[in-house]
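Q: I would like to learn how to read salt bridges in a model. Can you take me through them step by step?

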Amino acid sequence: MGVFQFGGLVGYSHYFGESMESMGIEVDIDDAQFLPVAVTGRASLGDAVFVGLDLGYGIGVNDGNDGGFFYRPKLGFDFLGIGIVGSYEGFSMDGGTVSSVNAGVEFGL
């Protein structure tokens with residue numbers, strides 16, 4: 001594996017909304033769905049450790065979702081050709097941010 005790697009990314013992210021009550025006021029938060037289209041890159045920090053960053057645009061899929069800037073910094077470990085990855089994913093748009101902390105597996109095709 002080289003020191004730097006770059007590529008493209010297309011995916012699907014679904015954030016589930018909820019209803020909650022706070023101080024006697026009921027608040028409904030709708031689901032948010034995105035199709036992120038981004039460039040992805042990663043740099044090796046040794047034989048098995050890497051850092052990476054995905055940057056692009058999240059196309060809003062559900063009604064009322066205009067989409068927004070997509071970002072995902074990540075840290076991972078290569079193990080037998082498979083990457084074990086932890087990341088923070090976010091979509092910044094007018095009116096707020098939707099984000100999550102993730103763990104996953106990545107592999108090349």
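The dialogue below covers salt bridges and their surroundings.

A: This is a predicted model, in which local features need pLDDT of at least 70, side-chain atom pairs count only at pLDDT 80 or more, and totals for chains, interfaces and linings use all residues. Residues are numbered from 1 along each chain as its sequence is written, and side-chain values use heavy atoms, with hydrogens and water left out.

Q: What counts as a salt bridge, and how many are there by this rule?

A: A side-chain nitrogen of Lys or Arg must lie within 4 Å of a carboxyl oxygen of Asp or Glu. By this rule there are six salt bridges.

Q: Which residue forms a salt bridge with Glu 106?

A: Arg 42 does, with the closest N and O atoms 2.3 Å apart. The pair links distant parts of the chain, 64 residues apart: Glu 106 is in strand 9 (residues 96-106) and Arg 42 in strand 5 (residues 32-44). Strands are DSSP runs of E, at least two residues, numbered from the N terminus.

Q: Is Arg 42 buried or exposed?

A: Buried means under 20% relative accessible area, exposed over 50%, partly exposed in between (1.4 Å probe, protein chains only). Arg 42 is buried at 14%. Glu 106, at 22%, is partly exposed.

Q: Where does Glu 89 lie, and what does its pair with Arg 72 tie together?

A: Glu 89 lies in strand 8 (residues 82-93) and Arg 72 in strand 7, so the pair ties together parts 17 residues apart in sequence. Their closest N and O atoms are 2.8 Å apart. Glu 89 is buried at 5%. Arg 72 is buried at 17%.

Q: Which residues do salt bridges that share partners join into one network?

A: Arg 42, Asp 54, Arg 72, Lys 74, Asp 78, Glu 89 and Glu 106.

How values were computed: Helix = DSSP H or I, 4+ residues; strand = E, 2+ residues; numbered from the N terminus.
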